[in-house]
Structures are given as structure tokens and as C-alpha cells.
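Hi,

Here is the structure I promised to pass on.

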Amino acid sequence: MTEQLRIEQEVKQGKKIAHNAEAIWRWDTVTGVRRANRRSQFFVSKGSITAQSNILELGCGTGLFTELVYQKSGAKITAIDISDDLLEIAKKKYTHSVFEKMNASKLRFGNNEFDLVFGSSVLHHLDYQIALKEIFRVLKGGGKLVFAEPNLLNPHIFLQKKIPFLKRRAKDCPHETAFIRWKLKEDIESTGFVNVNIQPYDFLYPLIPNFAVSFISSVGGILEKLPLVREIAGSLIISAEKK
């Protein structure tokens, strides 16, 4: 797939879902709120984000994680997305951060500019090997990347990403994929990053009934510690550092 076609599909998708994007992504449910808060806390803790941090968010969408990370850290955030429609929503909702339209594979920033680059479920939309090189370029020495991405070894994710009918029903872009953590780790290390850590996590399925959320969350915490079972968790939390 060409980069231009990829961008066209993402822009089209953004226009299609902008009116209720967070509902489509399941962030507006009781389960979704809990999952989003946990994910944003991973970004802050693994990224060592403070109020003095200058950070870049890729694929910010409607600004949900921009807001959550800002609430938890007070950091200076520049957030980018390729969709004008999603960015328009983010700009109206949040004034504490800078939102810009930009291709994550061709960042318009200087070298060694950011302390952290983060993103929620965005690398699997990109030619991620090109994006990793751009992330490496704009990070300062000692800077970090932290991303949360879908785990291809999760049965639900596998079916959704591999079966066209299910992919369309989930309103995914045709080129969306998911990751196997061992292969992704190799790719990140080959870009030049060190201290690469990819951890499977999250057994809290988005459609779990509200009354069962606390119980399933507790059980999920146990499953995440079991060596083989954890490999089929729904998400991967990815962190690495630039030398």
C-alpha cells in the first residue's frame, strides 16, 4: 500500500467516525473509562512525564489521551493527527495543548526536540518502521517512546484484524493490523532504541457489563502475571529509550 492511499483512507475514516469516535472506540463506557485511565497512567509512569516534559503525541484523534496525560502531569504536549475532522473536535475541547495536522511518518519537527513520544493505538495504522525512525529522530538523547497497541495473539483482535467482514463491522481501516511483541521488539531495537520493553496487558473486554467490571479487572490483573496466559491479553504497552 502506498503512503498516499494510507493517508486517504485515514482521512476518510476520520470524517466517517468523527461524530461519535469515542463511542466507536469504546472509550465512553464504564469499562472504557477504566481502561483509558490505566493506559494514560502507563504513559505517564513509563515515560517519566513531569510538568517540565516536552512531549509529542501521535494520532491524538479527539484528544482523549492528550487530556488524560495532561491531567496527570501538566506536561507541554504537542498532539498531531492526519484527520482534520478529529482535530477539530480536539481543539474545541482542550486548549491546554497544541494540536496540528501532520503525517506521523513525515514529522515537521527538528532533531532531538522531545523528551517523549507517545500514542494510543496508532502505530498499527502506520508504516510503523518509517514512523519509528521519525520518532527516534525527534527524541532527545535519553528520551523515551511509550505506545499502547493491539496484541495480535489475542483471539478477538486476531479475528477482527484478519477477517474482512469483522474488520468492516468494527469500522477499522483496511490497512490496520496488530502486533506480535517479539517481532515488534526486534524492529524497535533495529531502529536504535535500547531498553525496549513490551508487556501484554488488559483482559478487560470493552463490552463487559458494568456490574462485572471490578471483578473482571481483578481477575485480569492475575492473568497478566501468568507466563503463557498473559500472551493473549488484548493490548501491548511498549516502552523504549533513545541512547
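Predicted model: local features only at pLDDT ≥ 70, side-chain atom pairs only at ≥ 80, totals over all residues.

**What turned up**

W182 is found in helix α9 (helices are DSSP runs of H or I with at least four residues, strands are runs of E with at least two, and both are numbered from the N terminus). Local features need pLDDT of at least 70 and side-chain atom pairs count only at pLDDT 80 or more, while totals for chains, interfaces and linings use all residues, and side-chain values use heavy atoms, leaving out hydrogens and water.

Back to W182: its relative accessible area is 47%, so it is partly exposed (buried is under 20%, exposed is over 50%, partly exposed is in between, with a 1.4 Å probe and protein chains only). W182 also belongs to a nonpolar surface patch with L153, I180, I222, L226, V229 and I232, and together they have about 580 Å² of accessible area. Patch members have over 30% relative accessible area and no salt bridge, with nonpolar side chains (Val, Leu, Ile, Met, Phe, Trp, Tyr) joined within 5 Å and like charges within 9 Å. A salt bridge here is a Lys or Arg side-chain nitrogen within 4 Å of an Asp or Glu carboxyl oxygen, and areas are Shrake-Rupley with a 1.4 Å probe, where for residues only the protein chains shown count as cover.

Now the inside. The largest nonpolar core has 29 residues, and L56, L58, I135, F147 and I188 have the most contacts inside it (a core is a set of buried Ala, Val, Leu, Ile, Met, Phe, Trp, Tyr and Cys residues joined through side-chain atoms within 4.5 Å). Among the elements giving it two or more residues are β1 (54-58), α6 (128-138) and α9 (181-191). The top contributor is α6, with 5 residues. Beyond its neighbours within four places in sequence, I135 is in contact (heavy atoms within 4.5 Å) with L58, L107, V117, L123, L145, F147 and F193. There is also a second, separate core of 25 residues, including W27, L64, L87 and Y201.

Two loops are worth a look. S48 lies between α3 (30-46) and β1 and has a positive phi of about 50° without being a glycine. I49 sits in that loop between α3 and β1 too, but I49 is buried at 8% relative accessibility, whereas S48 is partly exposed at 44%. N112, in the loop between β3 (98-101) and β4, is another non-glycine with positive phi, near 55°.

Cheers

Terms used:
Residues numbered from 1 in each chain as written.
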